[in-house]
Amino acid sequence: MDSRLEGLFNKFASDESWKGKCVQKLREAVVDHGAQSIVGSLVGGDGDREVARNNATWKAEQVWGVNINTCYEYCSRGRFPMVFNYQAFLARATNYLLPWLALTAQLPYEGGSAKANIMSFCLSLGSPALATYSLMITILNQNWLRRLCESLPKYEDGENQIQNPYTQRMSSARILLEAAQQAPLQISDRDGSLSSLIILEANNSWWNSVEQRLKATKRSVTFSLVAQMVVAAGAWVLTVAGSFISSLGDHTEALVLSSSALWTWLVPVIWGWIAVGTQSASDTIDDTLSEFILVKAGRAGVPPHKTSNHDAFKVLKRLPNEQLPKFLIFNICGDEIQQGPTFNYARVFTWWAAAKAIHRTFDRVALKYNDREPLPGGQHPATGRAGLGGGLTNNGGSEPRPGSATTNTRAATARSPSREIGPEEYELQPIGTGSSRGVDTRDIGSSLGVDTLDIGSSRDVDAQNTGSLRVVNTEDTGSSRPVDPHDIVHIGASRVQSFRMRDLNGTVEQLNEYCGFGSHSHTQFARYPSWKEIGQDSEIQIRMFGAAFAGLLVQWGTTIPAVIIAYMTDVRGLGCRSGSYLVYGLAGTLAFFLLFTSTLFSHAAVLSHEAALARMEKPDGSNRPPHTADPERQQPQADETTGPGHYAGLKAWAFLAVSTRVFGQLVAIGNATWIILSSLWELVGFYDSCWCEGTVLSAGEDAWVVLFKQAVDLAERAEGSWAGGVAMSILVCFASWGVFVLLCKDVRQR
């Protein structure tokens with residue numbers, strides 16, 4: 001036997017690895033058939049096939065391996081089975097795979113069922129882009145809602161610096177809306193409870209209780225989270241350190257390092273979910289909304305009553321079959337009605353519509369409160385004039401109190417100007433001969449008075465009728481009389497200190513009209529906003545594209561380093577390992593785009609369904625169908641009302657919505673299974689074969705296999721790619737973690 005070949009065989013032959021066994025098979029071939037059987041197939045660095053061919057003076061250190069055909073002939077699976085090294089498997093599994101798998105338990109689930117939680121796991125692991133998108137859109141929505149709430153009037157006016165109570169109440173509503181991103185929230189004013197919750201002072205305790213409960217049930221940092229995070233990250237850091245110190249260039253170590261890089265996205269994403277503050281259980285929102293007692297106004301002639309059963313805020317746990325049409329066996333709503341933070345991607349439009357509707361209502365009520373506008377049919381606290389519309393008065397009765405300002409000023413009201421006078425135009429206007437009469441201030445507060453700096457002197461009058469008002473002595477007549485209510489048209493809103501939330505007690509009809517709901521208010525709280533409304537708000541589009549960019553950045557920011565490390569480790573090229581990582585990234589991206597577009601198709605399908613129902617309504621609205629979330633809603637059919645073309649359009653949208661969602665879910669499930677199997681295959685030695693080691697996928701017939709080099713010989717060639725891949729992984733993880741934490745910190749500061 002050639003001494004050079006014998007030296008190579010003695011150095012690299014072993015029974016502990018696939019490469020060692022392959023070298024043994026080559027030695028047997030030389031013994032049986034002579035050195036010329038493999039000398040011509042020896043390959044040098046970078047695949048140099050002329051290193052020993054027709055060269056009798058070749059040197060052993062010039063030889064790196066053999067060509068792919070020789071490998072197939074002597075080292076294929078038919079020659080010897082897969083080599084399984086239990087010690088190596090145990091060390092690698094405990095060092096990187098098991099810690100990362102255990103860390104997936106800290107992903108947000110809260111789906112309400114085992115099926116939903118399994119799907120949440122598959123969607124997150126199968127598409128890190130989708131998991132990051134759901135997280136980022138949740139954070140951006142919170143920031144947007146906080147900024148929106150800052151636009152509400154903070155104080156009653158610019159003088160007294162008293163906080164507007166409805167702006168304060170909106171703060172509690174904001175907490176509810178932020179938490180409700182992980183659940184399909186239905187808002188309805190059908191039973192009158194929503195307007196009661198928004199306006200009535202008696203419901204302060206309900207809002208405070210809901211806010212405190214949702215804050216208390218937020219997911220927090222736990223010992224198990226910290227322990228699992230430290231173990232996973234620490235194991236990866238130790239793996240990186242050990243690879244660079246003692247195993248730089250080792251092919252097997254490169255595979256462990258590159259494979260573990262695929263899992264690093266778990267650290268920033270899980271920490272981001274903790275920072276954003278998801279609920280710790282699936283039913284906390286629903287339980288909170290149904291637990292506390294609220295005061296609900298009654299209809300005309302019916303007094304307010306306490307109840308915990310209301311339709312103002314509801315979490316939809318399921319949709320009955322008759323509510324929305326199906327395509328085959330699949331509901332066209334899709335993941336929008338599935339609880340859990342992972343499915344927040346599907347609730348972008350519905351949550352946005354709910355948040356805008358609630359903010360719009362609170363903004364309207366807060367402004368009316370600042371303007372001291374009474375309930376429809378009630379009294380203005382300064383003038384006693386009735387508000388617009390009919391119904392009960394401010395004190396809840398059907399008639400004004402005897403002797404009140406309302407009773408005494410009706411004639412003056414009739415004589416007052418017909419135009420609406422702004423809140424800053426309120427002033428005293430003398431009527432008649434310049435005499436003045438007293439004003440009964442029991443309805444407008446005891447702190448009001450008439451300023452006499454410009455109109456003469458004053459003297460006391462009967463305190464029973466005037467409170468703190470003074471008598472005006474007019475110089476032109478020399479006579480004086482008490483100030484008469486006829487003389488008062490308006491009094492400055494900033495000086496009406498007695499007007500408070502308790503003055504806004506009335507019937508359901510009054511409260512609904514004050515909120516601006518109207519008779520067909522279910523359209524305001526439609527869960528599915530129109531495309532026109534969505535198109536008019538550029539912020540929601542920016543948030544969606546920003547979240548999508550973050551998702552793709554995290555997906556490929558951890559996939560590309562893994563591909564680089566595997567690709568640039570000899571034999572260089574696209575092989576089983578680097579190819580499997582690339583497949584994982586592409587499949588995760590495909591799943592994300594399919595599920596992202598499915599939300600658009602689902603929205604279009606539901607809007608088409610809504611349009612079909614609207615066409616079936618009678619002109620008088622007597623058969624107006626209830627909202628989509630109500631079980632009484634009908635399904636459209638292709639008849640003379642809706643038309644076959646419209647029904648065909650609905651079917652087309654439903655097909656696209658269901659097909660993209662189901663295909664996207666299948667891709668995500670398959671990809672999650674793929675990354676787990678791929679990691680296991682590396683550990684058990686499944687990839688140790690001629691086809692995988694030779695990177696046949698990219699090299700084809702020119703492929704070759706490294707057999708006669710150790711890690712120290714390859715260290716210099718591997719150092720750059722390993723360092724670059726690890727640095728990119730760390731940079732992406734820290735950058736994404738920093739963005740998540742800083743944005744969530746901004747939310748807390750607001």
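Leaving aside its neighbours within four places in sequence, which residues is Ser120 in contact with?

Reply: Happy to. This is a predicted model, in which local features need pLDDT of at least 70 and side-chain atom pairs count only at pLDDT 80 or more, while totals for chains, interfaces and linings use all residues. Residues are numbered from 1 along each chain as its sequence is written, and side-chain values use heavy atoms, with hydrogens and water left out.

Setting aside the neighbours within four places in sequence, Ser120 touches Pro108, Tyr109, Thr342 and Phe343; contact here means heavy atoms within 4.5 Å. Ser120 sits in helix H6, residues 114-126 (helices are DSSP runs of H or I with at least four residues, numbered from the N terminus). With a relative accessibility of 1%, Ser120 counts as buried, a label for residues under 20% relative accessible area with a 1.4 Å probe and protein chains only.

Helix H8 is also mostly covered, with 13 of its 15 residues buried. Its end C-alpha atoms are 22 Å apart, which agrees with the 21 Å that residues 165-179 should span at 1.5 Å a residue; the expected span is 1.5 Å times one less than the number of residues. At the start of H8, a side-chain oxygen of Asn164 comes to within 2.9 Å of the backbone nitrogen of Tyr166.

Cys22 is joined to Cys75 with an S to S distance of 1.8 Å. The torsion about their S-S bond is about 85°, so this disulfide is right-handed. Cys22 lies in helix H2 (residues 18-33) and Cys75 in helix H4 (residues 68-75), so the pair ties together parts 53 residues apart in sequence. Cys22 is buried at 0% relative accessibility, and Cys75 is buried at 2%.

Cys71 and Cys690 are bonded at 2.0 Å, in a left-handed link with -85° about the S-S bond. Since Cys71 is in H4 and Cys690 in helix H24 (residues 690-693), this pair ties together parts 619 residues apart in sequence. Both Cys71 and Cys690 are buried.

Cys576 and Cys692 are joined at 2.0 Å, and their link is left-handed, at -75°. The pair connects distant parts of the chain, with Cys576 in helix H22 (residues 576-615) and Cys692 in H24, 116 residues apart. Both Cys576 and Cys692 are buried.

Counting the bonded cysteines in sequence order, the pairing reads 1-3, 2-5, 4-6.

Key
Helices (H or I, at least four residues) and strands (E, at least two) are DSSP runs, numbered from the N terminus. Buried means under 20% relative accessible area, exposed over 50%, partly exposed in between (1.4 Å probe, protein chains only). A polar contact is a pair of N or O atoms within 3.5 Å; within protein, one must be able to donate a hydrogen and the other to accept it, and residues adjacent in sequence count only if both atoms are side-chain atoms. A disulfide is a pair of cysteine sulfur atoms within 2.5 Å.
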